[in-house]
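Colleague: I would like to learn how to read a model such as this one. Please take me through it one feature at a time.

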Amino acid sequence: MMVIAGEELDAHGHGERAQAYYDRAERWLANQLTRDPSHRAHRYWLGSSYYDRGRWREAEPYFESLVEDYPDDQTFRGLWALSAAHLGDSTTAWTRLGQAPAFERGGYTANRARVAAVSGDPEHAIALWSQALSEGVSGLVWLHASARRDLVSLADDPRFARLGLAIPAGRNGGG
């Protein structure tokens, strides 16, 4: 919950308060991982906190280990790919996404849309978002906060808004 609170505060213009939640979450999660380094949720949330703060290199190993342990989980695979895209390596990002799964196609396509947006291809990103929505995407209610840094290039595009995928104006880059 501390990471989610940080995301929401950050997304809604309270970056300084958000950082305190992220700091607290990271300390607590790191402590928990010293006790059980394989804990799935703790690895995910620590990686997510780093990701939310734009610390993609620090987030990468958490998502990589989760993909190794849970190769079919589109959330883990997507965040691992997006970490590479944010670090300027879109080739690696596309490779990390892998092949389309037989299930969770909407989540896979949404990850592709996010990689396209981060990689500076808004046309492709919007087309992929449209496709993802037709395939079914879960978790859209969290998009404005958890994916805000991925959506910077789409935030002011009216086509993106028409898809019902908007993030708070003026706060699209996070804090």
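Modeller: Start with how a helix axis is defined: a line is fitted to the C-alpha atoms over the stretch in contact, and the angle between two such lines runs from 0 to 180 degrees between N-to-C directions. Keep in mind throughout that this is a predicted model.

Colleague: What are two packed helices described by?

Modeller: Two packed helices are described by the angle between their axes and by the distance between those axes. Here, helix α5 (residues 74-86) and helix α7 (residues 105-118) pack at an angle of about 10°, and their axes are 9 Å apart.

Colleague: Are α5 and α7 roughly parallel or roughly antiparallel to each other?

Modeller: Angles under 35 degrees count as roughly parallel, and α5 and α7 are therefore roughly parallel to each other. On the α5 side the contact is made by Q74, G78, L79, A81, L82, A85 and H86. On the α7 side it is made by Y108, N111, R114, V115 and V118.

Colleague: How do the residues of the contact of α5 with α7 divide into nonpolar, polar and charged?

Modeller: Seven are nonpolar, four are polar and one is charged.

Colleague: Take one residue from that contact. Is H86 buried or exposed?

Modeller: The cut-off for buried is under 20% relative accessible area. H86 has 19% relative accessibility, so it counts as buried. H86 lies in helix α5. Leaving out residues up to four places away in sequence, H86 touches Y51, W56, V118, R149 and D150.

Colleague: Which residues does R96 touch, on that basis?

Modeller: R96 touches E60, R77, W80, A81 and A84, again not counting residues up to four places away in sequence. Its place is in helix α6 (residues 90-97). R96 counts as buried because its relative accessibility is 15%.

Colleague: And where does A125 lie?

Modeller: A125 lies in helix α8 (residues 122-135). At 0% relative accessibility, A125 counts as buried. Beyond residues up to four places away in sequence, A125 touches A113, A116, A117 and L154. A125 and S153 are 28 residues apart in sequence and 9.4 Å apart in space, C-alpha to C-alpha.

Colleague: How should I read two separations for a pair, such as E8 and W142?

Modeller: E8 and W142 are 134 residues apart in sequence, and their C-alpha atoms are 8.8 Å apart in space. E8 is in contact with W142, H144 and A145, leaving aside neighbours within four places in sequence. E8 is found in helix α1 (residues 2-11) and is partly exposed, with a relative accessible area of 23%.

Colleague: How many residues apart in sequence are P37 and A81, and how many Å apart in space?

Modeller: P37 and A81 are 44 residues apart in sequence and 22 Å apart in space, C-alpha to C-alpha. P37 sits in the loop between α2 (15-35) and α3 (40-52). P37 is exposed, with a relative accessible area of 57%.

Colleague: What about the backbone? What is the phi of E104?

Modeller: The general idea is that most residues other than glycine have a negative phi. E104 has a phi near 55°, a positive value in a residue other than glycine. E104 is found in the loop between α6 and α7. At 45% relative accessibility, E104 counts as partly exposed.

Colleague: Now the whole chain. How many helices and strands does the secondary structure come to?

Modeller: The protein chain has 10 helices and zero strands. Its radius of gyration is 15 Å, close to the 16 Å that the globule rule gives for 175 residues, so the chain is as compact as a globular protein of that length. Along the principal axes, the C-alpha atoms fill a box of roughly 45 × 35 × 25 Å.

Colleague: What share of the 175 residues do buried residues make up?

Modeller: Buried residues make up 46% of them. The protein chain exposes about 8,500 Å², with carbon and sulfur atoms supplying 51% of that area. Of the contacts with a separation of 6 or more, 54% are between residues 24 or more positions apart.

Terms used. Residues numbered from 1 in each chain as written. Predicted model: local features only at pLDDT ≥ 70, side-chain atom pairs only at ≥ 80, totals over all residues. Heavy atoms only, no water. Helix = DSSP H or I, 4+ residues; strand = E, 2+ residues; numbered from the N terminus. Buried < 20%, exposed > 50% of the residue type's maximum accessible area, 1.4 Å probe, protein only. Contact = heavy atoms within 4.5 Å. Parallel < 35°, antiparallel > 145°, perpendicular 65-115°, else oblique. Nonpolar A, V, L, I, M, F, W, Y, C, P; charged D, E, K, R; others polar. Rg over C-alpha atoms; globule rule 2.2 N^0.38 Å. Areas by Shrake-Rupley, 256 points an atom, 1.4 Å probe, with all protein chains shown as cover.
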